[in-house]
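Keep the structure open beside you as you read.

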Amino acid sequence: MNARCLIVNADDFGLTRAGDEAILRLFEAGRITSTTILAPAARAEVACAAAKERGLPAGVHWTLHAEWEEERWPPSAGAAAVPSLCEEGALMCDAGRMARRARSGDVSRELEAQISFLSSRGVVPDHADSHGGTLYGINGRLFFLNAFRLCRRHDLPFRFPRREEFLRRQLGREPGALLRAAHRAIVASADRHGVKLIDDFITNPYPAAKIGGFSALAAYYERELASAGDGITELFLHPSLPDEALRRRTGEWQKRVWEYDYLSGDAFASLVEREGFTLCSWADAPFGARRK
């Protein structure tokens, strides 16, 4: 297998009809190799059925907060089982408030329930990752430990990069010594738990207004992918077809349409070929060639 392996993941399967249709079109066209399902979301049942029917490799998009106040979701474990994650029987929309209130036991119960949701519907997750980054420690809580314990139990790789390059991309600057030390500590914790990690990930962290337009977004991905090192890199985006109602709800929806246009365009396919990436899913990524 080529030294540069690329997982192309479309996040948020089950969030919206427009997003789900975009993900299925991209998979049928061979432009993505993976998706992740939001178990608490309203369309999660539909997403699981589609993934099972189409053979679309899927991970569990561990979710501890709702995306929008207008559409809050019940937790997969049931509100009575995870009360510290809920208000009025549904997951909170405010991720910061959730992190301040959440009890560790409730977090583990909800993460486990989301795995069970997928598995009981015929989708055996091939990896786990974190909706909104709530399991990465950036909120001051050590929820990555809950994630690692469950990844070990279910033999799931986890989306967290071994290399520091992603910190520069996410911050838009060089990370400080404290942040680099925190990154090393999380990687070391994953190793102690026997959890497989990717080497790097690439996503555009900026809001639509700061990106400026499709051409700037495409240039960002072209530049970052071209500079990707050896090993397993995940490119993850949130593609969607146009949806005027969602665009009115949040201007960030335009970014998702740009990402769909980028993945479906000739420039992306040409870059993958030119750079010599081997495309793979999480299930067939060569983790065995990496650190145990």
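Helix axes here are lines fitted to C-alpha atoms over the stretch in contact, and the angles between them run from 0 to 180 degrees between N-to-C directions. Please keep in mind that this is a predicted model.

**Helix pairs**

With that in hand, we can begin with helix H1 (residues 17-28) and helix H11 (residues 253-264), which pack at an angle of about 10° with their axes 10 Å apart. Angles under 35 degrees count as roughly parallel, and H1 and H11 are therefore roughly parallel to each other. On the H1 side the contact is made by Ala22, Arg25 and Leu26, and on the H11 side by Tyr260, Leu263 and Ser264. Sorted by class, these residues of the H1 and H11 contact are 4 nonpolar, 1 polar and 1 charged.

| Helix pair | Angle | Axes |
|---|---|---|
| H1 and H11 | about 10° | 10 Å apart |
| H4 and H5 | about 40° | 10 Å apart |
| H5 and H7 | roughly 30° | within 9 Å |

Helix H4 spans residues 104-120 and helix H5 spans residues 143-154; they pack at about 40°, which makes H4 oblique to H5. H4 passes H5 in a right-handed crossing. From H4, the contact draws on Ser104, Val107, Ser108, Leu111, Glu112 and Ile115, while H5 supplies Phe143, Asn146, Ala147, Arg149, Leu150, Arg153 and His154. That contact of H4 with H5 divides into 6 nonpolar, 4 polar and 3 charged residues.

How does H5 meet helix H7 (residues 177-193), and at what angle do their axes cross? The axes cross at roughly 30°, so H5 is roughly parallel to H7. The crossing of H5 and H7 is right-handed. Phe144, Leu145, Phe148, Arg149 and Arg152 in H5 meet Ile186, Ser189, Ala190 and His193 in H7. This contact of H5 with H7 has 5 nonpolar, 2 polar and 2 charged residues.

Leaving aside residues up to four places away in sequence, leucine 235 touches Leu6, Ile7, Val8, Asn9, Ile202, Tyr221, Leu225, Leu263 and Phe268.

**Two residues up close**

Not counting residues up to four places away in sequence, leucine 150 touches Trp62, Ser108, Leu111 and Glu112. The C-alpha atoms of leucine 150 and leucine 111 are separated by 7.9 Å, with the two residues 39 apart along the chain.

Serine 76 sits in the loop between strand E3 (58-62) and strand E4 (86-87). With a relative accessible area of 27%, serine 76 is partly exposed. Its contacts, again not counting residues up to four places away in sequence, are Ala39, Pro40, Glu110, Ala113 and Gln114. Between the C-alpha atoms of serine 76 and leucine 178, which are 102 residues apart along the chain, the separation is 35 Å.

How values were computed
Residues are numbered from 1 along each chain as its sequence is written. This is a predicted model: local features need pLDDT of at least 70, side-chain atom pairs count only at pLDDT 80 or more; totals for chains, interfaces and linings use all residues. Side-chain values use heavy atoms; hydrogens and water are left out. Contact means heavy atoms within 4.5 Å. Helices (H or I, at least four residues) and strands (E, at least two) are DSSP runs, numbered from the N terminus. Angles under 35 degrees count as roughly parallel, over 145 as roughly antiparallel, 65 to 115 as roughly perpendicular and the rest as oblique. A crossing is left-handed if the near helix is turned anticlockwise from the far one by less than a right angle, and right-handed if clockwise. Ala, Val, Leu, Ile, Met, Phe, Trp, Tyr, Cys and Pro count as nonpolar, Asp, Glu, Lys and Arg as charged, and the others, Gly among them, as polar. Buried means under 20% relative accessible area, exposed over 50%, partly exposed in between (1.4 Å probe, protein chains only).
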